Amino acid sequence: MIKLGVIGYPLAHSLSPTMHNTALKFKNIEGSYVVLETPEDKLADTIEYMKKQKFRGFNVTIPYKVDIIKFIDEIDNLAKITGAVNAVVISDDGKLKGYNTDISGFINAIPKEKLDNLSGKKATVLGTGGAARAICSALLNADINDLTLYARAPAKGEDLKEILMSNFVGANISIKQLEENIDLSDIAILVNTTPVGMYGKSEGQSPVSESSIATLPVNAIVYDIIYRPKTTKLLEYAQGRNLVTIDGTEMLVLQGAKALEYWIEQEPPVDAMREALNSCFV
Ligand code: NAP
């Protein structure tokens, strides 16, 4: 009987239980993946609860991907570089090992030929939170050599900039104030990692204006890692210009599949997980 879960706050939007419970059933593994909605003052209690209840592992989502690190006993190298953890394995003796599967999930969701074209180009990332940490590392690792981060409070992103500069020596990295209108005229890929546009109170909003999207080159990629709704306002603006767009669903499938692989130590059923997720959107 394998016990798995996801911690975050709020968690009403989470599609991970559908995906992981389908995967467990598909693999004939007895167990379940549950939602553990955790307010900030209960983070330590929830971790203790999972240890006592012999959970095999859990996902970490908004807003705890950075805060979780202080509870981790051992951290995978890639997660250490990004300073963010989104998947944790709990050993039989209650030790926590942290991984970051957003990195491979994000990059592997970009079609191969498009990814190859990004080498040596410029990228812009909106937001400097947990997911942004993984995504910036993934982009620099994919040979993007000029990265601009936009944040509503740029000072909060300074430590991310420092981490990236020390791990990707020679890359040009800057942080700017996020505003409705920004110039994206030489950008090969724009990535939204803020929750603006997500199901709930900001659905229908975009972190940048339609005029900002109008400044992108015709062959630019607009990637919104939000998966609910599948087509955010930002992607609508980009589709209006016939730009290549990528939504957050494939990243969600691939980061989840990698986490499951750590927990069950078997090949994950990626197609069944994708199908389960897509069935939530019909
Ligand atoms: P997080 O750690 O809380 O970071 C969110 C970032 O967005 C922070 O930089 C935050 O700025 C900024 N932000 C929040 N509200 C904003 C607003 N109204 N205007 C401008 N900036 C704002 O969250 P996260 O874990 O990175 O997740 C972010 C989003 O990505 C969520 O929608 C999540 O569902 C999605 N996500 C998708 C996948 C996937 O697999 N597709 C994976 C991970 C995350 P402050 O620091 O100023 O608060």
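Trainee: Where is the place of P229?

Mentor: P229 sits in the loop between β11 (221-224) and α9 (233-240). Helices (H or I, at least four residues) and strands (E, at least two) are DSSP runs here, numbered from the N terminus. Keep in mind that this is a predicted model, where local features need pLDDT of at least 70, side-chain atom pairs count only at pLDDT 80 or more, and totals for chains, interfaces and linings use all residues. Residues are numbered from 1 along each chain as its sequence is written, and side-chain values use heavy atoms, with hydrogens and water left out.

Trainee: Thanks! What is the peptide bond from R228 to P229, cis or trans?

Mentor: That bond is cis, with omega near 5°. The peptide bond from I62 to P63 is also cis, with omega near 10°. P63 belongs to the loop between β3 (57-60) and β4 (74-75).

Trainee: Which residue other than glycine has a phi near 60°?

Mentor: That would be N242, whose phi is positive. Look for N242 in the loop between α9 and β12 (244-246). E265 is not a glycine either, and has a positive phi of about 55°. Its place is the loop between α10 and α11.

Trainee: Is N242 buried or exposed?

Mentor: N242 counts as exposed because its relative accessibility is 69%; buried means under 20% relative accessible area, exposed over 50%, and partly exposed in between (1.4 Å probe, protein chains only). E265 is exposed too, at 71%.

Trainee: Switching to charges: how many salt bridges does the count come to?

Mentor: The count is 11 salt bridges, each being a side-chain nitrogen of Lys or Arg within 4 Å of a carboxyl oxygen of Asp or Glu. Side chains of opposite charge can pair when their charged atoms come close.

Trainee: Which residue forms a salt bridge with D271?

Mentor: R274 does, with the closest N and O atoms 3.0 Å apart. R274 and D271 both lie in helix α11 (residues 270-279), 3 residues apart, or about one turn of the helix. D271 is exposed at 55% relative accessibility, whereas R274 is partly exposed at 25%. E250 joins D271 and R274 in a network of salt bridges.

Trainee: And what do the side chains of K258 and E261 meet in?

Mentor: They meet in a salt bridge at 3.6 Å, N to O. Both residues are in helix α10 (residues 249-264), 3 residues apart, about one turn of the helix. K258 is partly exposed at 29%, and E261 is partly exposed at 31%. E113 and K114 form another salt bridge, at 3.8 Å, N to O.

Trainee: Which residues gather in a patch of negative charge on the surface?

Mentor: E40, D41, D45 and E48 do. Patches are made of residues with over 30% relative accessible area and no salt bridge, with like charges joined within 9 Å and nonpolar side chains (Val, Leu, Ile, Met, Phe, Trp, Tyr) within 5 Å. Lys and Arg count as positive and Asp and Glu as negative, while His and the chain ends are not counted. The place of a charge is NZ of Lys, CZ of Arg, CG of Asp or CD of Glu. Areas come from the Shrake-Rupley method with a 1.4 Å probe, and for residues only the protein chains shown count as cover. E40 is in the loop between β2 (31-37) and α2 (43-52), and counts as exposed at 61%.

Trainee: Last one: how many disulfides does a search of the whole structure find?

Mentor: The search gives 0 disulfides, a disulfide being a pair of cysteine sulfur atoms within 2.5 Å. C136 is buried at 0% relative accessible area, whereas C280 is partly exposed at 27%.
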